[in-house]
Amino acid sequence: MNYTELVAEITSYTENRFQIDDMNTFIKQAEQRIYNTVQFPAIRKNTTGLTTSGNRYLTCPNDWLATFSLSVIDADGNYNYLLNKDVNFIRSSYPNTNDTGIPEYYAQFDQDSFILGPMPDSDYDVELHYYYYPESIVTAVNTWLGDNFDSALFYGALLEAYTFMKGEPDILAEYQKRYNEAMALLKQLGDGKNRKDAYRSGQTRMDVL
């Protein structure tokens with residue numbers, strides 16, 4: 001389902017032609033709710049960067065929301081995954097500016113940067129896997145969510161639109177039910193099937209009476 005099709009379906013179900021700004025708000029609110037409920041690969045990306053010797057801070061990407069993993073690559077090409085701690089832990093563990101080495105820990109220092117512990121003793125390559133908001137279907141026209149799980153997006157946006165209309169409670173409850181069903185299936189995909197395979201977990205099976 002692309003943007004045009006999504007708008008047409010919402011208009012058809014509600015029998016209401018919304019202002020374009022309102023319609024876009026409904027859709028973006030639905031996307032945000034979905035992206036903060038299920039962790040599927042389409043909302044994750046990775047980037048590489050570089051630490052600076054003597055600088056304990058590392059800048060976050062502009063679209064960073066949350067960290068999946070952060071690793072430092074040593075001179076031998078080995079990945080060293082850092083443990084997530086809080087700022088107090090790092091400050092108390094490495095209070096002296098002479099405490100340098102290959103970083104073992106990181107913490108979110110502020111909205112724009114991480115703090116590393118110990119402070120890097122050299123320039124190291126780093127690899128960050130993180131969560132972000134993909135471009136909205138409002139501007140991208142086509143998105144992973146619209147192409148692969150349009151039921152969640154559609155009923156999520158429809159809920160926003162019908163709530164805006166102050167629609168009938170019984171119909172709103174039915175839309176909520178459909179949205180919940182779609183989200184349950186999406187959660188099975190993002191937090192279930194995407195995180196296991198037949199070799200490790202065995203094939204899915206049901207008891208036969």
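Predicted model: local features only at pLDDT ≥ 70, side-chain atom pairs only at ≥ 80, totals over all residues.
1. Serine 113 of β8 is the bridge partner of aspartate 110. Aspartate 110 falls within the range of strand β7, which covers residues 105–110 and is joined to β8 by five bridges, the two strands running antiparallel.

2. Strand β2, comprising residues 57–59, pairs with β8 over three bridges in the antiparallel sense. Within this pairing, tyrosine 57 has isoleucine 115 of β8 as its bridge partner. In general, the strands of a sheet pair through backbone hydrogen bonds, in a parallel or an antiparallel manner.

3. Is strand β8 largely enclosed or exposed? Five of the five residues in β8 (residues 113–117) are buried, and the strand is therefore largely enclosed by the rest of the structure.

4. The next point concerns two helices. Two packed helices are described by the angle between their axes and by the distance between those axes. For helix α1 (residues 3–14) and helix α2 (residues 20–35), the axes come within 11 Å and cross at roughly 100 degrees. Angles of 65 to 115 degrees count as roughly perpendicular, and α1 and α2 are therefore described in that way. On the α1 side the contact is made by Tyr3, Leu6, Val7, Ile10 and Thr11, and on the α2 side by Ile20, Met23, Asn24 and Ile27. Of the residues in this contact, seven are nonpolar and two polar, while no charged residue takes part.

5. Side chains of opposite charge can pair when their charged atoms come close. How many salt bridges does the structure hold? There are three. One of them joins the side chains of arginine 33 and glutamate 160, at 2.8 Å from N to O. This pair links distant parts of the chain, since arginine 33 lies in helix α2 and glutamate 160 in helix α6 (residues 150–164), 127 residues apart. Arginine 33 has a relative accessible area of 34% and is partly exposed.

6. Another salt bridge brings together the side chains of aspartate 63 and lysine 45, with an N to O distance of 2.9 Å. Here too distant parts of the chain are linked: aspartate 63 is in the loop between β2 and β3 (66–73), and lysine 45 is in strand β1 (residues 44–50), 18 residues apart. Aspartate 63 is partly exposed at a relative accessible area of 28%. Lysine 45 likewise counts as partly exposed, at 31% relative accessibility.

7. The remaining salt bridge is within a helix. Arginine 178 pairs with glutamate 174, and their closest N and O atoms are 3.1 Å apart. Both residues lie in helix α7 (residues 169–190), four residues apart, which is about one turn of the helix. Arginine 178 is partly exposed, with a relative accessible area of 36%, and glutamate 174 is partly exposed at 32%.

8. Where is asparagine 78 placed? The residue is in the loop between β3 and β4 (79–81). Its relative accessible area is 41%, and asparagine 78 is thus partly exposed. With neighbours within four places in sequence left aside, asparagine 78 is in contact with Val72 and Ile73. From asparagine 78 to aspartate 63 the separation is 15 residues in sequence and 27 Å in space, C-alpha to C-alpha.

Note on methods. Residues numbered from 1 in each chain as written. Heavy atoms only, no water. Buried < 20%, exposed > 50% of the residue type's maximum accessible area, 1.4 Å probe, protein only. Pairing = 2+ DSSP bridges. Axes fitted to C-alpha atoms, helices over the stretch in contact; angles between N-to-C directions. Parallel < 35°, antiparallel > 145°, perpendicular 65-115°, else oblique. Contact = heavy atoms within 4.5 Å. Nonpolar A, V, L, I, M, F, W, Y, C, P; charged D, E, K, R; others polar. Salt bridge = Lys/Arg side-chain N within 4 Å of Asp/Glu carboxyl O.
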